[in-house]
Amino acid sequence: MIKYLYILSFLASLFLSAQPNCEIYKSNPECYKSCQEAMTAIRYHQGSYSSQKHFDKSIALCNNFGYSYMEKAVPYLKRGQFIEWKKLIDKAVAINPKEYLGYRGWCRLQFLRDYEGTIKDIESLKRITKYDIGYCQTGDYHLNIALALCYKEIGQIEKAKKIFYKHLNSEITSVDLYDYYHLGILEYELGNYTKALKCFEKQIKENDYMGETYFFIAKAYLKLKITEKYQLNLIKAKEYYEKGLYRTDTYTETIDKVYLLDILNEMKNNKQ
Amino acid sequence: MKYSIIIFALLLFRSSLAQNKYIDVGDIQFNTSTDNVNFKMCDENNIKQYYSRYSSDNPAGYKGEKRNMEKPFLQNYKYPISKTQNGYITIRFIVNCYGESDRFRVEEMDFSYQSKKFNSKISSQLLNITKQLKNWIPRNGNGQNYDFYQYLTFKIKDGQIIKILP
């Protein structure tokens, strides 16, 4: 049952920024037209002159239609024009904070590693949300985990750890594809190498197509001075990588990313 | 003579209006004062984004992945610690189908996403190193290479590079 609730919550978050149903605006003719303009806008190539023009029309018709600000902002974000992105997304958030705070927070983390900004947005969302705060835009992380990752990056590791365990031990949430990988790295950074290894073990059970996990397993064994396992896991990390088994993202570097060069350098620097 | 100058100026104005009329978000148009006139593209009307791809394509990238691209910045960038130099510097540019780059544009902002000006020694170093990156891999599909838009964002704290994105 819990799993089903989790899946429902996950799907709900995926549709959070899905296209709106214009019929619900029928009582307000201008906003209804605005919504229809937005639907026209998304038929064009994202970021194209025509698409942006229709979003402008949509905004002019109903200036509290947050969806059009958010969608108009997206190509600026993806193409590195962050000042313009922020102006537009701030308007969407001001109109509908419950819908867009988590989204903005995630984008700040994914595209700019703006940890403080993400924390501010997700904490604000938590204050105004009575139910589950949902998932990030890519669906990879629950926003609680994104929050924990940000606290870790600004040095509040104990706080990050507390959020991680609270989330992972909660009855209403579930473990996602990369949660134990990041928790394992957190434990590793705290010097808890045996705990880190347990996390990586869980990570492999959850999702065993990442060379990155074996890289950190190797590093934990090195700290524990178990040389043979260090070497074996480093070789495994390299093999996984060479088979294409590593994390990728279309837009940005993933969090706690390990590259092939990191594995090769580790091999070179610690040649036994 | 006076009239010919006015007519010429009007024509230039009209042509620049026409040029700007239908541009997409992020498009970088040729600027005679900053861009290399010899920079050639395979198809100027079909410049892809670094992230756009079809499943059968080999995506755009950098030889040795991002870690290799970061190296010259981490090795060559030098600036003393300065409490006033904080924020992001983004350099947008085009990589042509041969892996060469040009049309660099710089945008600077503080941590509140407000436009700001960094010390020019910071931005010029980042721009110069970006211009020297030689290992770009163009997107390839159906045996054909494509020109593409790329950007690099530098998160700067106290004058130091703390992260290179994306």
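**Salt bridges and packing between chain B and chain A**

Me: How many salt bridges does the rule find across the interface of chain B and chain A?
Reply: This is a predicted model. One cross-chain pair is Glu253(A) with Lys66(B), whose closest N and O atoms are 3.0 Å apart. Another joins the side chains of Arg67(B) and Asp262(A). Across the interface of chain B and chain A, the salt bridges found number 3.

Me: Which element gives the largest share of the side of chain B that touches chain A?
Reply: Several elements of chain B give two or more residues to that side: α2 (65-76), β3 (87-95), β4 (101-109), β8 (148-157) and β9 (160-165). The largest share is 6 residues. Those residues come from α2(B).

Me: How much area do chain B and chain A bury between them?
Reply: The contact takes 33 residues from chain A and 31 residues from chain B. In chain B, Val25(B), Tyr51(B) and Tyr113(B) lose the most area to chain A, together 27% of what that side buries. Carbon and sulfur atoms hold 55% of the area buried between the chains. The area buried is about 2,800 Å².

Me: By class, how many charged residues has the side of chain B that touches chain A?
Reply: Between the two chains, 17 residue pairs are in polar contact, both residues at pLDDT 80 or more. By class, the side of chain B that touches chain A has 11 nonpolar and 7 polar residues. Its charged residues number 13.

Me: Which helix of chain A holds the partner of Arg67(B)?
Reply: Arg67(B) meets Asp262(A) in a salt bridge of 2.8 Å, N to O. Arg67(B) is partly exposed, because its relative accessible area is 22%, and Asp262(A) counts as buried, because its relative accessibility is 16%. The pair crosses between chains, from helix α2 of chain B to chain A's helix α14.

Me: Which element of chain B do the buried residues of α14(A) pack against?
Reply: Helix α14 of chain A covers residues 260-269. Its buried residues are Leu261(A), Asp262(A), Ile263(A) and Glu266(A). They pack against α12 (211-223) and α13 (227-242) of chain A. From chain B, the packing partner is α2.

Me: How many residues apart are Asp90(A) and Lys86(A)?
Reply: Asp90(A) and Lys86(A) form a salt bridge, the closest N and O atoms being 3.0 Å apart. Both lie in helix α5 (residues 82-95) of chain A. An α-helix has 3.6 residues a turn, so residues three or four places apart point the same way. The separation here is about one turn of the helix, 4 residues.

Me: Is Lys86(A) buried or exposed?
Reply: Buried means under 20% relative accessible area. Asp90(A) is at 27%, so Asp90(A) counts as partly exposed. Lys86(A) is at 10%, so Lys86(A) counts as buried.

Me: How many salt bridges does a search of the whole structure find?
Reply: Side chains of opposite charge can pair when their charged atoms come close. The pairs over all chains include Asp90(A) with Lys86(A) and Glu266(A) with Lys219(A). The search over all chains gives 26.

Me: What share of the residues of chain A count as buried?
Reply: Chain A has 14 helices and 0 strands. Its C-alpha atoms fill a box of roughly 70 × 40 × 30 Å along the principal axes. Chain A exposes about 13,000 Å², with 53% supplied by carbon and sulfur atoms. Of the 272 residues of chain A, the buried share is 54%.

Me: What separates the C-alpha atoms of Cys42(B) and Asn145(B)?
Reply: Cys42(B) sits in the loop between α1 (2-21) and β1 (48-49) of chain B. Its relative accessible area is 43%, so Cys42(B) is partly exposed. Beyond its neighbours within four places in sequence, Cys42(B) is in contact with Cys97(B), Tyr98(B), Asn145(B) and Asp147(B). Cys42(B) and Asn145(B) are 103 residues apart along the chain, yet their C-alpha atoms are separated by 8.1 Å.

How values were computed. Residues numbered from 1 in each chain as written. Chains lettered and ligands numbered in written order. Heavy atoms only, no water. Contact = heavy atoms within 4.5 Å. Buried area = accessible area lost by both parts, 1.4 Å probe. Salt bridge = Lys/Arg side-chain N within 4 Å of Asp/Glu carboxyl O. Polar contact = N/O pair within 3.5 Å; in protein donor to acceptor, adjacent residues only side chain to side chain. Nonpolar A, V, L, I, M, F, W, Y, C, P; charged D, E, K, R; others polar. Buried < 20%, exposed > 50% of the residue type's maximum accessible area, 1.4 Å probe, protein only. Areas by Shrake-Rupley, 256 points an atom, 1.4 Å probe, with all protein chains shown as cover.
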